[in-house]
Amino acid sequence: MKTSKISINWFVDFDKEEQWLNDMAKQGWAFWHTNGVIYRFKQSKPEEFIYQIDFDEKKKDGIGDYVVFRSSCGDQFVHQWKSKIYWKRETTSGPFEAENNVAAKLRLTNKAFNYHLNSFIGLTLIAAFAFLVLMPLSRHLPENAFSSWLNDFSIGLTYGILLAELIILLPVLKKLHKKINELIGQII
Amino acid sequence: MKNTTAALTEAIYYILLALQEPLHGYGIMQKTSTMSNGRLILSAGTLYGAISNLLEKGWILPCGESPDTDGRRKMYQITEKGQEVLLAELERLEELVENGRKNIKNKQYENK
């Protein structure tokens with residue numbers, strides 16, 4: 001019988017990713033590793049674990065202190081990919097957080113918003129570099145195969161990034177922003 | 001702005017209450033849950049952030065490591081400043097309750 005499983009998936013929305021990992025865990029597949037696309041699972045008892053996705057905020061004491069602290073409270077560190085941290089907990093030891101803890105939800109949603117905002121800023125800087133540096137450079141070079149490739153490449157990169165931002169990142173940022181506002185509305 | 005006059009969140013209030021005696025993170029979680037009859041469950045992630053904030057404000061202090069485990073659990077205790085904040089919050093809450101009792105129009109309640 002198979003005891004491990006590989007699944008290919010890609011998420012921008014961390015809510016959906018968390019839901020998917022929890023659904024897999026319910027079916028007896030405990031997530032343990034990802035590189036952002038390939039997700040690896042080990043067989044477990046169905047509903048043995050619940051998962052939470054968290055974001056590293058470049059803590060001044062380093063991530064180690066945070067991991068040690070959470071581990072001493074019953075959470076198990078699963079995996080970190082870039083600044084995403086995956087935690088699991090035995091289902092029998094109760095949920096990560098009370099459903100009605102709005103302040104805690106706000107904190108996590110805000111972390112997610114910052115995570116996506118950073119990607120957005122990073123991608124925009126790359127697009128700006130391609131548009132403002134690479135493209136003019138390719139037009140100043142003597143005409144040859146390389147300069148025409150560079151021209152096409154910089155155009156493709158600029159428009160590719162802008163399109164990806166418009167179609168994928170902006171809706172996620174908008175959704176998280178809306179969620180933050182709803183949560184603030186519950187506090188005030 | 002004096003941040004001591006702002007209302008405390010439920011989580012902060014219970015954490016300060018739990019730290020009347022030295023406790024480690026997990027102890028705070030358990031005590032908070034017990035005191036609130038299981039209504040307030042703090043996740044370790046939230047608690048970590050709250051403890052960092054409280055340390056920064058000087059409302060709590062680290063006080064060694066817990067002896068009963070592998071010695072890696074840091075213990076915390078409330079400071080004098082923290083105690084003042086907690087007492088001020090208690091007064092505020094009493095005012096809320098008193099005003100509620102005085103002003104609420106509810107037959108059932110008045111008959112008590």
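Where in chain A does A:E47 lie? In this predicted model, A:E47 is placed in the loop that runs between strand 3 (38-43) and strand 4 (49-55) of chain A. The backbone of A:E47 has a phi near 60°, a positive value in a residue other than glycine. Most residues other than glycine have a negative phi. A:E47 counts as partly exposed because 14 C-beta neighbours lie inside 10 Å, a number that falls between the limit of 12 or fewer for an exposed residue and that of 20 or more for a buried one.

A positive phi is also found in chain B, where B:N37, although not a glycine, has a value of about 55°. B:N37 belongs to the loop between helix 2 (25-35) and helix 3 (44-57) of chain B. With 7 other C-beta atoms within 10 Å, B:N37 is exposed.

Chain A has an average pLDDT of 90, and 97% of its residues score at least 70. Among the elements of chain A, the highest mean pLDDT, 96, belongs to strand 2 of chain A, whereas the lowest, 84, belongs to helix 2 of chain A.

In chain A, an open sheet is formed by 3 strands in the order 1-3-2, with antiparallel pairing. Strand 1 (4-8) and strand 2 (29-34) of chain A are the edge strands, and each has a single partner strand, so one side of each is left without a neighbour in the sheet. From one strand to the next, the twist averages 30°. The antiparallel pairing of strand 1 with strand 3 of chain A extends over 5 bridges, and A:S4 stands opposite A:K42 in strand 3 of chain A. Helix 1 (residues 14-26) of chain A lies across strand 2 and strand 3 of chain A, and runs at about 135° to strand 2 of chain A.

Elsewhere in chain A, strand 5 (residues 76-81) and strand 6 (residues 84-90) run antiparallel and are joined by 5 bridges. Within this pair, A:F77 stands opposite A:W87 in strand 6 of chain A. The two strands form a hairpin with 2 residues between them, and A:K82 in the turn has a positive phi of about 50°.

Chain B likewise holds an open sheet, in which 3 strands follow the order 1-3-2 and the pairing is antiparallel. Its edges are strand 1 and strand 2 (60-65) of chain B, each with a single partner strand, so one side of each is left without a neighbour in the sheet. Strand 2 and strand 3 of chain B pair in the antiparallel sense over 4 bridges, and B:P62 has B:Y76, in strand 3 of chain B, as its bridge partner.

Where the two chains meet, 16 residues of chain A are in contact with 16 residues of chain B. On the side of chain A that touches chain B, helix 2 (62-71) and helix 3 (102-140) of chain A each supply at least two residues, and the largest share, 4 residues, comes from helix 2 of chain A. The residues on this side of chain A comprise 9 nonpolar, 2 polar and 5 charged.

The largest nonpolar core contains 24 residues, of which B:I15, B:L19, B:I28 and B:L47 touch the most other members. Two or more residues of this core come from each of helix 2 of chain A and, in chain B, helix 1 (10-18), helix 2, helix 3 and strand 3 (74-78). Helix 1 of chain B gives the most to the core, with 6 residues. When neighbours within four places in sequence are left aside, B:I15 is in contact with B:I28, B:T32, B:A50 and B:L54. A second, separate core has 22 residues, among them A:A25, A:F49, A:Y86 and A:L176.

The buried residues of helix 1 of chain B include B:A11, B:I12, B:Y14, B:I15, B:L16 and B:A18. The partners against which the buried residues of this helix pack are helix 3 of chain A and, in chain B, strand 1 (23-24), helix 2, helix 3, strand 3 and helix 4 (80-103).

Methods: Residues numbered from 1 in each chain as written. Chains lettered and ligands numbered in written order. Predicted model: local features only at pLDDT ≥ 70, side-chain atom pairs only at ≥ 80, totals over all residues. Contact = placed C-beta atoms within 7 Å. Nonpolar A, V, L, I, M, F, W, Y, C, P; charged D, E, K, R; others polar. Core = buried A, V, L, I, M, F, W, Y, C linked by C-beta atoms within 7 Å. Pairing = 2+ DSSP bridges. Axes fitted to C-alpha atoms, helices over the stretch in contact; angles between N-to-C directions. pLDDT = per-residue confidence, 0-100.
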